[in-house]
Amino acid sequence: MRCDSCGAPTRPTARFCDQCGAPLGATGQAGRAERPRDDVEAGDRRIVTALFADLVDYVRLVAEHDPEDVRHKVDAALRAMVDAIKAFDGTREKFIGDAVFAVFGWPQGHDDDALRAAHCALAIQQALATADGPAGEPLQVRIGIATGEVVAGMRHADTMDWSLTGPAVTTAARIQAAAQPGEILLDEATLRAARKQLDFEDRGLQLLRGQTHPIRLARLLGEAGFQPWHRPGGTIVGREAERARLRAVLDDLLDGRGSALVIEGEPGIGKSRLMADLAEAASDAGVAATWVDNVSYGAREPYRFGRALAQAIADEHGVDSGTMTRRLIFTPDVPPDQARRWGGAVAAIARDAAFSGWEEEAPLVPADPADVATAIHDLASRYTARLLEVSGPRLVCVDDLHWLDPSSAGILDALVGETRSRPIAIVIGTRPGPTPADATLASIERIQLAGLDEPETRALAAVVAGAELGPSDGRRLHRRTAGNPLFITETVRAIFPSGADAAPEPGAAHPDGRLPDDDGTVRPGLPMTLRALLGARIDALSDDARTTLRVASVIGVTFSVPVVEDVLGDPVAPEVLAGLADASLVVPLGATDGWRFSHPLIHDAAYWGLLGSVRRQLHARVADRLEADDPDQTIGVVARHRAAAGDVARAVPLLVQAAERAAAMGAPAEAGSFWFEAADLVGAGPEADAFRQRARAALEAVPAGTSPPIVPTPFG
């Protein structure tokens with residue numbers, strides 16, 4: 001089937017067109033979809049990176065040249081822009097005259113959308129550098145990039161017309177207007193989301209047109225490359241056993257023995273950090289270390305990993321990869337027929353390189369293209385052997401193997417094969433799940449990385465915050481992040497943005513970003529970087545799994561299948577829950593129907609991805625179900641669901657009952673929190689003042705030495 005919007009072929013299970021992003025219905029055609037059940041999927045809130053690119057001097061070109069010539073040149077430039085957007089899986093939202101507006105992260109999110117947008121901007125800049133205007137003058141473009149939350153929703157249900165609304169959209173346009181011809185400007189949120197992989201020039205705080213607060217801008221200069229060793233604090237917290245095993249790999253290498261090792265773990269768990277620590281140690285010991293990171297947008301590029309590896313090694317010698325390969329491979333003892341065979345393989349790996357003097361003996365296009373894969377495998381073995389002869393033992397770190405392009409699997413297999421007889425160590429980082437190189441990895445030793453324990457969590461938080469966290473906050477942080485170092489770092493940064501000056505007293509909650517209650521009460525403020533990362537994992541789910549996860553998030557960090565089914569109005573298939581568990585998003589609670597989100601942060605990402613109107617409807621349904629089951633046992637929970645549903649008239653009496661019951665049971669801290677919630681819902685006036693007075697009186701009864709409670713807030 002084809003998309004009605006752009007005519008591109010569509011996948012049978014796709015929700016949106018891969019080319020233009022138009023919504024697709026059950027038939028695989030745009031404009032024919034039925035509205036999703038209960039509107040759970042009829043829009044969402046998400047983090048996107050918006051890109052606005054505008055051609056310079058369009059008005060002057062139209063005034064000075066024939067309109068047909070201008071249109072021809074401008075259309076060619078716009079096509080180049082759209083090609084770049086497609087290449088990095090962005091969505092061309094619309095054309096605005098001579099400008100293009102695109103988003104990365106909608107309808108499908110990726111955990112590197114900010115980086116994709118930056119690469120797209122560089123590709124646009126490069127493409128237009130070779131284009132010219134109607135009189136032969138060069139065409140220039142201004143580009144603005146911004147990252148932030150948007151609401152994606154249907155503007156017209158009949159036509160399935162979607163719209164994106166949020167500050168990131170308007171900010172990108174304002175940033176573009178502030179750029180000079182040929183410049184790419186981006187905001188601080190985009191830089192942070194790109195995680196230090198961009199080379200930029202700080203432009204300081206600027207007040208953009210139509211905005212009331214200045215934002216920090218930067219000029220994009222290029223790609224810096226992933227540098228995982230440049231982390232806050234410099235040192236690794238914990239991981240003693242894993243570091244010892246990796247140092248043994250280095251010791252073997254120094255003794256002339258090769259090895260291969262896989263480090264496996266979820267995103268943010270610290271795979272790259274451990275490999276970077278080993279790479280530093282290798283460099284200190286005089287061992288050559290090469291780092292190659294796979295990227296999600298390169299997984300469809302043939303031999304992308306092979307080319308990146310060859311160029312990384314060539315960079316050490318200040319030459320291009322073709323020249324380096326020629327020096328190593330085409331020695332006088334190579335027979336001419338073998339040289340011709342390897343010539344085609346080299347062309348695939350170093351297609352932009354020069355082969356001066358070898359065109360006749362080693363043509364760049366092999367006689368039999370089907371032989372290329374085999375030739376490349378053999379070439380990789382020969383290349384590795386010769387490289388080790390020239391430069392000695394070598395460590396190769398291969399990061400994010402789950403994004404390996406399938407055509408490079410043979411190259412990796414050859415490298416791993418060489419470790420059995422030569423002084424080369426291959427250390428691979430990957431996420432759980434299948435990879436294109438599973439056959440190669442089957443016999444390789446694996447290190448399974450888990451989260452940091454509670455003391456290590458506190459230690460890492462102290463490095464990031466610049467001061468110690470109290471035991472209570474440390475426990476909450478560990479429960480919230482499950483010890484994931486990236487989650488810890490980003491959460492603490494959001495809570496203590498000013499470093500040590502903003503650190504709390506031991507045991508106290510920070511006033512600007514208090515950690516959640518131990519019971520997992522939901523709060524706003526999930527860091528943008530984590531929302532984008534976790535939102536991409538949720539986007540990758542099937543429709544049923546995503547809807548189930550979001551409904552479950554309204555119930556709480558823990559949930560039962562029957563309640564989800566009642567709220568959803570449909571049964572939940574066992575394979576849906578199994579898929580969520582396989583994706584490490586939820587875990588079962590024993591042999592019951594209960595389940596738990598694997599991280600409170602995953603719960604928060606699913607919850608805050610819902611539209612506010614949908615959240616309120618779902619909270620009302622959850623409250624109805626709980627009241628039908630046993631209202632006396634769940635009065636406090638029902639009260640909070642009513643409050644989150646916006647039903648103040650029913651929520652306040654329930655909160656009052658919950659407060660009085662807690663006080664009667666000798667639980668003054670809990671009673672005080674219920675009174676405060678009731679007061680906040682009422683707002684102002686004598687009734688609210690009375691509630692607050694009772695709350696303060698309840699808290700005065702809290703035993704000495706007990707930390708004051710963090711007042712829980714409603715779900716929404």
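In what order do the three strands of the open sheet lie, and is their pairing parallel or antiparallel? The order is S14-S16-S15, and the pairing is antiparallel.

**View 1. The open sheet of three strands in the predicted model.** Strands here are DSSP runs (E, at least two residues), numbered from the N terminus, and two of them count as paired if DSSP finds at least two bridges between them. Strand S14 (558-560) and strand S15 (586-588) form the edges, each pairing on one side only. From one strand to the next the twist averages 30°, where axes are lines fitted to C-alpha atoms and angles run from 0 to 180 degrees between N-to-C directions.

**View 2. The pairings of strand S16 (residues 594-597).** With S14, strand S16 pairs in the antiparallel sense over three bridges, and Thr558 stands opposite Arg596 of S16. S15 and S16 likewise pair in the antiparallel sense, over three bridges, with Val586 opposite Phe597 of S16.

**View 3. Strand S1 (residues 43-55) and its pairing with strand S3 (residues 99-104).** S1 is mostly covered, since twelve of its 13 residues are buried (under 20% relative accessible area, with a 1.4 Å probe and protein chains only). S1 and S3 run antiparallel and are joined by six bridges, and Thr49 stands opposite Phe104 in S3.

**Notes to all views.** Residues are numbered from 1 along each chain as its sequence is written, and side-chain values use heavy atoms, leaving out hydrogens and water. Because the model is predicted, local features need pLDDT of at least 70 and side-chain atom pairs count only at pLDDT 80 or more, whereas totals for chains, interfaces and linings use all residues.

How values were computed. Helix = DSSP H or I, 4+ residues; strand = E, 2+ residues; numbered from the N terminus. Buried < 20%, exposed > 50% of the residue type's maximum accessible area, 1.4 Å probe, protein only.
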